[in-house]
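Morning, everyone. Please bring up the sequence and the model, and keep both in view while I talk.

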Amino acid sequence: MPALWIAHVTVSDEEAYGKYAKLAGPAIAAHGGQFIARGGRFVQLEGKERPRNVVAKFPSVEAAETCYHSPEYQEALSHARGASERELLIVETSE
C-alpha cells in the first residue's frame with residue numbers, strides 16, 4: 001500500500017536548510033517519492049505550528065523508510081540538523 005511521508009518544519013538557518021532541500025528532493029525521487037505538498041498554505045488546528053509542511057507519497061511504508069535511512073538522504077539530513085526543528089512521520093494510506 002502507498003504511504004505518505006509527512007514533515008512539519010521550522011527553519012532557523014535558511015542557507016543550511018537550502019542545502020538540505022537541494023539534496024533531499026533527488027534522494028526522495030530515487031526511492032519512488034513524489035511531492036504532493038511542499039510548503040504551501042496551511043491551517044493549524046491543533047498542536048505546535050510549524051510554518052513549513054511537506055507531504056510526499058511513496059509506493060510503500062518500506063520504500064519511505066528505506067529512503068530515510070539511505071546514504072543520500074542522510075547526507076541531505078546532515079544539513080537540516082541544527083538548521084531546523086522537525087517532526088517526520090510515515091503513514092500508510094488506505095488506497
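Let's start with a contact between two helices. Ala 16, Tyr 17, Lys 19, Tyr 20, Leu 23, Ala 24, Ala 27 and Ile 28 in H1 meet Glu 72, Tyr 73, Glu 75, Ala 76, Leu 77, His 79 and Ala 80 in H3. Contact here means heavy atoms within 4.5 Å. By class, this contact of H1 with H3 has 11 nonpolar, one polar and three charged residues. Ala, Val, Leu, Ile, Met, Phe, Trp, Tyr, Cys and Pro count as nonpolar; Asp, Glu, Lys and Arg count as charged; the others, Gly among them, are polar.

A word on the ground rules. This is a predicted model: local features need pLDDT of at least 70, side-chain atom pairs count only at pLDDT 80 or more, and totals for chains, interfaces and linings use all residues. Residues are numbered from 1 along each chain as its sequence is written, and side-chain values use heavy atoms, with hydrogens and water left out. Helices (H or I, at least four residues) and strands (E, at least two) are DSSP runs, numbered from the N terminus.

Back to our pair. How do the axes of H1 and H3 cross? They come within 7 Å and cross at roughly 165 degrees. Axes are lines fitted to C-alpha atoms, for helices over the stretch in contact, and angles run from 0 to 180 degrees between N-to-C directions. H1 and H3 are therefore roughly antiparallel to each other. The cut-offs: under 35 degrees is roughly parallel, over 145 roughly antiparallel, 65 to 115 roughly perpendicular, and the rest oblique. H1 passes H3 in a left-handed crossing. Left-handed means the near helix is turned anticlockwise from the far one by less than a right angle; clockwise would be right-handed.

Now stay on H3. Which residues of H3 are buried? Tyr 73, Ala 76, Leu 77 and Ala 80 are. They cover an arc of only 100 degrees around the axis, which puts them on the same side of H3. That arc is taken from the directions from the helix axis to the C-beta atoms. Buried means under 20% relative accessible area, exposed over 50%, and partly exposed in between (1.4 Å probe, protein chains only). What covers the buried residues of H3 includes S1, H1, H2 and S4. After H3 comes Gly 82, with a positive phi near 85 degrees.

Next, H2 against H3. Their axes come within 5 Å and cross at roughly 55 degrees. That makes H2 oblique to H3. Cys 67, Tyr 68 and His 69 in H2 meet Pro 71, Tyr 73, Gln 74 and Leu 77 in H3. By class, this contact has five nonpolar, two polar and no charged residues.

Let's look around H2 itself. Helix H2 covers residues 61-69, and its buried residues are Ala 63, Ala 64 and Cys 67. Seen down the axis, these buried residues fall within an arc of 100 degrees, so they line one face of the helix. On the other side of H2, Glu 62 and His 69 are exposed. The cover over the buried residues of H2 includes strand S1 (3-11), helix H1 (14-30), strand S3 (52-58), helix H3 (71-80) and strand S4 (84-92).

Zoom in on Cys 67. Its relative accessible area is 0%, so Cys 67 is buried. Not counting residues up to four places away in sequence, Cys 67 touches Trp 5, Ala 27, Ile 28, His 31, Phe 58 and Tyr 73.

Now Ala 63, also in H2. Ala 63 is buried, at 17% relative accessible area. Leaving aside neighbours within four places in sequence, Ala 63 is in contact with His 31 and Phe 58.

Last stop: Lys 48. Buried or exposed? At 56% relative accessibility, Lys 48 counts as exposed. Lys 48 lies in the loop between strand S2 (34-38) and S3. Lys 48 and His 8 are 40 residues apart in sequence, and 9.3 Å apart in space, C-alpha to C-alpha.
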